[in-house]
Each structure stands twice: as C-alpha cells, then as structure tokens.
Amino acid sequence: MKKIKAFAHASSANLGPGFDILGLALSVFQDTVELEEDPFSSRISIFSNELPLAVENNTAGLAIKKILEREKIRIGIKLKIAKGVPVGMGLGSSGASAAAAVTAMNEFLGLNLSMQEMISFAMQGEAAAAGDPHADNVAPALLGGLVALTSTDPIDFMNLNFNQNISMKLILPYVKIENKTKIARSVVPKEIPLKDHTLNTMNILGLLRSFESGDIEKLKKYMTDPIVESKRSIIYPFLNNIKNISMKYRDVAVALSGAGPSIIAFHDKNNEPETFLNEVANELNMQGIGCKIVESHVGLGSRVTQE
C-alpha cells in the first residue's frame, strides 16, 4: 500500500511589526505526517495522540480535504500526525501540520502544485485552529527561511535574506491558554490611527534591512509594534517586563512569537546573551512561571522524507 511521509518545521510569525505578513522557519521543532491510502473507506481518518480527530477541527485534515475537493478526487486516506512542534506556544504548530500534510498530499497524488497553491491549501487548513485562514506560519513552513506575504488573494510571497551572523533563542514560558490563537486575534484592533500605520510600515522596512545586514541594534530598533503585539500584553502580563529587560541590552532584539506565549530573541552568533536570558528566567519565576530556553537555526522548507 502506498505511503508518503513529509515534515515541516516550526515557525515564528509577525516578528514585531509584521502581523499576518512575516514568518521565519525554525529548525528546532518539526511535525511529521504520514499518508496511506485506505482501500476500505472514502474518508479521511486521522490518527494523533494530541490533536482533534475530526477533519474540520484538524489543520492537516482540513487542508487535505480542500485538496481532494478541488481535485474532485474521492479516496480514503489514513493520516498519521507525529507532533514535534509544541502545541499552543506560538511556534506555528498548527501551520506545521498543515504544511507537512499539503507537501505529502502533493506527492501522494502527483499533483505538481505550485507553491502558491500549496500555501493556499495549507492556509485554508489553518482555519481549523485559528478560525480565519492566515499564511504567515504555513508560508515559512513550506518554503523555509524568512518569508513575507505580499498578497493573499491571489497568494504571493517574497523569500527574504537572513544574515548568517544572527542567532536565535526561543523562550518558552509554561503557560497554557485554551483557544489561545482565537483570543490573541480577538484583541487585534479593527481600526488604527494613521500614525501607527505609518510607524509600523517604517518598522517593517527597517526590520527587513536589518535581518539582511545582521545589525542587531537596528533590528532591536525596528522590532516594535504599536498595533498588535502591544495589545497582546493583556494576555501575557510578563511580556512588557521582558521587553523592558531587553532594552538594557544593545545586542538583543525580542518579539512575541506569533500569538505567544513564546518569545523569540535574536543576537549576534558570537555573543551569547546569557545574562539577558537569566534575567528573563528570573522575571518569569517571580511571576510563578517556569520556562524552557532553546536555540534554533533557520528552518528548511517542508520535504517528503519517505515514499
């Protein structure tokens, strides 16, 4: 019986001012999916110890369903999902599952989908977790590296340069919030002052140039967001304190990773931010919150690993 396995890495979305636009693939975690044809069924059967088993509530299952519907293919599929990306931590967990499923399904059916089509299907799968389709996690999970969405209808994107002298640490607070992504998106303002729009646009332009140049001080300057990230401090009381701690260190730039609670810290690869990280751990500990700190490199795009 035909089987296909594929993986997709974790990702960090937004990166400060780039809400629903910017995403970065992270090598430290990955999801793996396995597809197998089910000759005794015409439905998608999901096998996972951590995720919803109903297709409409599972990002991988929903993405596969959308592909089958468009292609007008009626086939039974056994979908096994092995989670490696921590769930509910703002690291693109749902996007990794959707991206790996689309990659596997494209190979499984020999569809030769364009990358725009693959992003679109994975984005539709994301609606199972977030309520609304968004592509800032699935795009880097599929493409790898640093990605900017330039259009969602139709899908278009840019692969951006990421300086190899920049290193990353992920701060993972032990915080669990039910329906966290939907809550985090609910605090996003529907209308904003023109001055905030202008500031965010300037910050995005400066941010992209800083990722390319490797200038951490400039990266720190532009990795600010008066529109979305600042509103999410209501959900995460520790966020402002950690941002304030980072202001003491010229060579560390931090942002909330996606919808949180994880925080991504960028630094020069030759200058480990041990003092900063210790301060952050102490701050979280004072709030009764444990944490894990891990290093990550820039992740690859989703790949088929077994046929």
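Nine helices and eleven strands: that is the make-up of this protein. The radius of gyration is 19 Å, close to the 19 Å that the globule rule gives for 307 residues, so the protein is as compact as a globular protein of that length. Keep in mind that this is a predicted model.

Now the overall dimensions. The C-alpha trace spans about 60 × 40 × 40 Å along the principal axes.

Next, the interior. How much of the protein is buried? Of the 307 residues, 54% are. And the contacts? Residues 24 or more positions apart account for 74% of them.

The protein exposes about 13500 Å². Carbon and sulfur atoms supply 50% of that area.

Then charge. There are 31 positive and 33 negative charges. How far apart are their mean positions? The answer is 2 Å.

Where does Ser210 sit? Look at helix H6, which covers residues 194–213. Is Ser210 buried or exposed? The cut-off for buried is under 20% relative accessible area. Ser210 has 2% relative accessibility, so it counts as buried.

What does Ser210 touch? Set aside its neighbours within four places in sequence. Ser210 is then in contact with Ile166, Asp215, Lys218, Leu219 and Tyr222.

Note on methods: Residues numbered from 1 in each chain as written. Predicted model: local features only at pLDDT ≥ 70, side-chain atom pairs only at ≥ 80, totals over all residues. Heavy atoms only, no water. Helix = DSSP H or I, 4+ residues; strand = E, 2+ residues; numbered from the N terminus. Rg over C-alpha atoms; globule rule 2.2 N^0.38 Å. Buried < 20%, exposed > 50% of the residue type's maximum accessible area, 1.4 Å probe, protein only. Contact = heavy atoms within 4.5 Å. Areas by Shrake-Rupley, 256 points an atom, 1.4 Å probe, with all protein chains shown as cover. Lys, Arg positive; Asp, Glu negative; His and termini not counted. Charge placed at Lys NZ, Arg CZ, Asp CG, Glu CD.
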